[in-house]
Amino acid sequence: MSIDLFAEKTLTAAVRRIPEKPDSTFRFIGFGTEEIQLGLHQLQDEATRRAAHLGRLGIIKGERLGLMMSEAHEFIRTFVGCVLAGVVPVPLSPPMTARSDEQLTTNARRILANAQVRGLVTTASGRSNGERIVAGLGGEARLLTVETDFIGEAPPLDPPLITPEDLCFLQYTSGSTTDPRGVMVTHGNLMANLAAFMGPNGLAVGPGDVGVSWLPLYHDMGLIGMILGPLVYVGPLVLLSTSSFARDPRSWLRAIDKYRGTITYAPNFAFSQVLRRLRDQDLEGLDLRCLRVVGCGAEPINAETLRRFTGRLAPTGFPANALAPSYGLAEATLAVSLHRVGSPIRTETINLASLAAGRAVESGDGTSPSIEVVSCGLPVTGHEVAIIGEEGQPLAEREVGEVVVRGESVTRGYFDNPQMTASTWRDGWLLTGDLGYLAGGHLFICGRKKEVIVIRGANYYPQDIEALLR
């Protein structure tokens, strides 16, 4: 496989080049044994047809459109169709069951109202929930369904000019307890991030790689890392439903074995869920030697959990050096730092008293209260990570402060939210709100700035307290 697709500066350009490449397949695994296969050449054709339908419906470049679908294959075709039409998709969490969830309905309305959408796209299975959501929006927002609005012949697509500065999609990071914040991800942001963490100096994806994922598509790790990445480099993907993993986390391992997955990603809690459900008989016949990258991110990473996971799966040939702790956030598109693939994970045991005083001093005697911290790797290519103090001053190595990031993946701000944008983006730097330190170039995350407990001038981190209690 040639990596030249990463040279494209817009997602639309990369999608249009899919027919030039050998075809690959996305497999969508539902409950039981049902499976839907979608060739990427076929995906490009269908997405182009849906883009033309959007034009027929009068939805034009720059306008926003909510997407709420439980069926991943329909979501992907519609998402790419929006992008080809220049319409900005707004992914939303679909209901886990057919019953209406009042909290989900409220959150969806808040997000769609903030995004000022032209409408909400769903499928027949989500129509009743979609009607309730749209009914509470007012204005001209309308409900569209795949089965009624994207059928039949479409007029020829008149593709708009898409530049790297154009919005690709809105990634919402909140909406339940605070005002929803829609991160404005441009085409340039997306392609820069994909090139940085999936290209030769990152995961170094190649023709033998097969992605396996169960991550939700409304979240940046699932959407960008495990859908748009394989789409751009034209690699095969196996996608389980998130509900399948929730019901039986072991289905993740079985899918990796069956389809010979080489790359997968998950938050720390997923590794714990597997450990809780795994039985000795589950390991019989399971072969995980195929794995090359097992990424972990999106929430605090626990070293003991990863060690237990590696040890428990040792009989399957699980390669410990495949583990890749990472750090990222939606405001930086996705990846900020990445463990170098193929090397053992790095941890440090830090004295809690020094950490409370703002310094990361390794504990040497083994008797003082301490906490083990996992390295989230080195900054991805083309990006800078620094640590600053309360007054914005740069901090030295091993001094704990706020993590700040700059580079081409750093987005431009929150949609229609200038106040939050001004407080989060300053002088080209993204203020992450996360606390951490640098040591030998490696980034270590300690906690969230807003969650620190201050006692007599010393800082205490909730996850450290939880870890000691555990």
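This briefing walks through some strands, helices, loops and cysteines of the structure above.

The model is predicted, and its mean pLDDT is 90, with 90% of the residues reaching 70 or more. One stretch to treat with care is residues 454-458, where the pLDDT is below 50. In the model, that stretch has four contacts beyond near neighbours in sequence. With that in mind, let's take the tour topic by topic.

**A parallel sheet**

- Start with an open sheet of four strands, in the order E4-E3-E5-E6, with parallel pairing.
- Strand E4 (88-91) and strand E6 are at the edges with a single partner strand each, so one side of each has no neighbour in the sheet.
- On average, neighbouring strands of this sheet are turned by 30 degrees against each other, direction ignored.
- Look next at strand E5 (residues 119-122) and strand E6 (residues 142-145), which run parallel and are joined by four bridges.

**Strand E21 and its partners**

- Now for the antiparallel sense: strand E21 pairs this way with strand E19 (residues 401-407) over four bridges.
- Val404 stands opposite Leu431 in E21.
- Strand E20 also runs antiparallel to E21, and two bridges join them.
- Within this pair, Arg426 has Trp429 of E21 as its bridge partner.
- Strand E22 (residues 442-448) is another antiparallel partner of E21, with six bridges between them.
- In that pairing, Leu438 stands opposite Leu443 in E22.
- E21 and E22 form a hairpin with two residues between them, and Gly440 in the turn has a positive phi of about 60 degrees.
- How many of the eleven residues of E21 are buried? The count is eleven of eleven, and the strand is described as mostly covered.

**Positive phi away from glycine**

- As background, most residues other than glycine have a negative phi.
- Asp427 is not a glycine, yet its phi is positive, at about 50 degrees.
- You will find Asp427 in the loop between strand E20 (425-426) and strand E21 (429-439); this is a hairpin with two residues between the strands.
- Is Asp427 buried or exposed? Its relative accessibility is 78%, so Asp427 counts as exposed.
- Val234 is not a glycine either, and its phi is positive at about 55 degrees.
- The loop that holds Val234 lies between helix H8 (220-233) and strand E10 (237-240).
- Val234 has a relative accessibility of 12%, so this residue counts as buried.

**A covered helix**

- Helix H11 (residues 268-277) has these buried residues: Asn268, Ala270, Phe271, Ser272, Val274 and Leu275.
- What covers the buried residues of H11? Among the helices are H9 (242-247), H10 (250-259) and H13 (303-312).
- Strands also take part in the covering, including E11 (263-266), E12 (293-296) and E13 (323-328).
- In general, an α-helix has 3.6 residues a turn, so residues three or four places apart point the same way.

**A buried loop residue**

- Val380 belongs to the loop between strand E17 (378-379) and strand E18 (383-388).
- With a relative accessible area of 3%, Val380 is buried.
- Setting aside neighbours within four places in sequence, Val380 is in contact with Ala196, Phe197, Ala335, Val336, Ser337 and Leu338.
- Val380 and Thr349 are 31 residues apart in sequence and 25 Å apart in space, C-alpha to C-alpha.

**Cysteines without disulfides**

- How many disulfides does a search of the whole structure find? The search finds zero.
- Cys290 is in no disulfide, and the nearest cysteine sulfur, in Cys296, is 18 Å away.
- Cys290 counts as buried because its relative accessibility is 17%.
- For Cys376, the closest cysteine sulfur is also in Cys296, at 8.5 Å, which is too far for a bond.
- Cys376 counts as buried too, with a relative accessibility of 5%.

Conventions:
Residues are numbered from 1 along each chain as its sequence is written. This is a predicted model: local features need pLDDT of at least 70, side-chain atom pairs count only at pLDDT 80 or more; totals for chains, interfaces and linings use all residues. Side-chain values use heavy atoms; hydrogens and water are left out. Two strands pair if DSSP finds at least two bridges between them. Buried means under 20% relative accessible area, exposed over 50%, partly exposed in between (1.4 Å probe, protein chains only). Contact means heavy atoms within 4.5 Å. Axes are lines fitted to C-alpha atoms, for helices over the stretch in contact, and angles run from 0 to 180 degrees between N-to-C directions. A disulfide is a pair of cysteine sulfur atoms within 2.5 Å. pLDDT is the predictor's confidence in each residue, from 0 to 100.
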